[in-house]
Amino acid sequence: MDPIGASALKLEANFDPSLLQKQQCVPTIFSWPKEYLVEALEELQAPVVDLKGFLRGDDDATEHAAKLVREACVVHGFFLVINHGVDSQLIDEAYHQMDSFFKLPVHEKSRVRKTSESMWGYSGAHAHRFSSNLPWKEALSFPYHDNAEEPVVTHYFNSNLGKDFEQTGMVFQKYCRAMKDLGLKLMELLGISLGVDRLFYRDFFQDGSCIMRCNYYPSCQQPSVTLGTGPHCDPTSLTILHQDHVGGLEVFSSQKWQKVRPRPDAFVINIGQTFTALTNGRYKSCLHRAMVNSCKERRSMTFFLCPKEDKVVRPPEDLVVREGTRKYPDFTWSDLLDFTQKYYRADEATLQNFTKWFQTAPVLTQPTDSDDLQ
């Protein structure tokens with residue numbers, strides 16, 4: 001193992017939030033350049049979309065919801081949804097199970113440590129990937145799809161953490177199922193908002209393989225010098241986020257950072273770059289980040305809706321006809337994921353740079369520091 005890899009492994013093995021929270025000075029490896037830390041002074045004007053009428057088939061309510069979604073997605077790609085049909089008790093239970101995991105001793109959590117070869121597992125400060133500008137966070141990532149006889153989330157927890165976490169697996173199996181159902185409904189609404197076949201996107205994602213991530217941000221005595229998650233754009237298709245009452249999500253729109261106020265009854269939805277390609281560039285994927293708090297720990301649960309890995313990403317033909325030309329080539333989700341996980345930091349120019357990389361197929365050997373999919 002190279003020296004950087006060895007030191008990263010040592011850091012992650014000793015990433016103990018209970019100790020870090022007590023440090024008056026943030027260790028250098030967690031410090032971020034000042035240009036990443038510009039304070040957000042305003043709240044993002046993200047629409048709150050009431051899904052109640054849409055879900056019961058009310059045409060007028062559906063038209064209004066689609067209008068709000070369209071107005072948000074052509075500007076920054078963020079909106080909130082309420083009356084979404086997800087049981088609040090299920091959300092609370094998922095947080096409870098998540099807390100049980102993150103309160104484990106570090107050596108217990110490290111039994112499912114994420115490696116550079118895998119998307120799944122526990123990560124302390126993403127030290128398995130980076131050696132500087134580390135995020136002040138812990139995360140647990142696991143897969144979700146409907147394409148196996150055995151419930152995939154339940155199996156993940158049983159096989160990696162044992163019977164003690166069987167209930168955790170069952171709860172998150174239900175939670176992910178609810179997120180997938182909500183994601184497909186939102187895909188139908190997005191299709192309506194774009195004026196294409198309302199089932200085009202829903203059908204495209206029906207057999208998708210998704211990503212679930214639980215995030216824990218310890219309190220920090222110097223929150224002005226570090227970040228919980230660095231600025232990034234999601235390379236996935238649609239992100240469904242629930243953040244607790246502490247807040248910390250910020251979006252870069254209109255050339256400034258803006259806060260997203262937490263609402264316990266709402267999910268924050270944002271467009272990922274794969275979906276930008278599926279709309280031929282019409283809907284935006286925007287930079288966002290997560291801040292940390294000096295007094296309180298923060299938690300969030302993030303579900304990334306993704307297509308099946310080998311599915312060709314191609315916008316509907318009638319949308320291309322309206323735009324006049326294709327902006328991106330045909331590619332698969334696995335192509336873009338590989339690019340952003342190994343070679344490129346996911347930013348606002350990802351799709352343009354991915355297109356160049358994809359068409360010329362260079363041989364790249366060294367990944368760049370990235371906070372995408374955090």
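Let's start with Phe-79, which is buried, at a relative accessible area of 1%; buried means under 20% relative accessible area, exposed means over 50%, and partly exposed is in between, with a 1.4 Å probe and protein chains only. Before I go on, this is a predicted model, in which local features need pLDDT of at least 70 and side-chain atom pairs count only at pLDDT 80 or more, while totals for chains, interfaces and linings use all residues. Residues are numbered from 1 along each chain as its sequence is written, and side-chain values use heavy atoms, with hydrogens and water left out.

Back to Phe-79, then. You'll find Phe-79 in strand 3, residues 78–82; strands here are DSSP runs of E with at least two residues, helices are runs of H or I with at least four, and both are numbered from the N terminus. What does Phe-79 touch, not counting residues up to four places away in sequence? The list is Ala-46, Pro-47, Val-49, Val-69, Ala-72, Cys-73, Leu-186, Phe-267, Val-268 and Ile-269, where contact means heavy atoms within 4.5 Å. Take Phe-267: along the chain it is 188 residues from Phe-79, yet their C-alpha atoms are separated by 8.5 Å.

Now for the aromatics. A search of the whole structure finds 24 aromatic pairs. Rings of Phe, Tyr and Trp (its six-membered ring) pair if their centres lie within 6.5 Å, and planes under 30 degrees apart count as stacked, over 60 as edge-to-face and the rest as tilted. Trp-32 and Tyr-36 are edge-to-face, because their ring planes are at 75 degrees, with the centres 5.5 Å apart. Trp-32 is buried at 6% relative accessible area, whereas Tyr-36 is partly exposed at 24%.

Tyr-343 and Trp-357 have ring centres 5.6 Å apart and planes at 45 degrees, so this pair is tilted. Tyr-343 lies in the loop between helix 12 (333–342) and helix 13 (350–360), and Trp-357 is in helix 13, so the pair ties together parts that are 14 residues apart in sequence. Tyr-343 and Trp-357 are both buried. They also belong to one aromatic cluster, together with Phe-331, Phe-339, Tyr-344, Phe-354 and Phe-358.

How do the two helices pack? Helix 12 and helix 13 have their axes 11 Å apart, at an angle of about 105 degrees. Helix 12 is therefore roughly perpendicular to helix 13.

Next, a buried arginine. Arg-213 is in strand 6, residues 210–217, and is buried, at 3% relative accessible area. Its side chain makes a polar contact of 2.6 Å with the side chain of Ser-141. A polar contact is a pair of N or O atoms within 3.5 Å; within protein, one must be able to donate a hydrogen and the other to accept it, and residues adjacent in sequence count only if both atoms are side-chain atoms.

Last stop, Asn-83, in the loop between strand 3 and helix 5 (88–102). Its phi is near 50 degrees, a positive value in a residue other than glycine.

Technical notes: Axes are lines fitted to C-alpha atoms, for helices over the stretch in contact, and angles run from 0 to 180 degrees between N-to-C directions. Angles under 35 degrees count as roughly parallel, over 145 as roughly antiparallel, 65 to 115 as roughly perpendicular and the rest as oblique.
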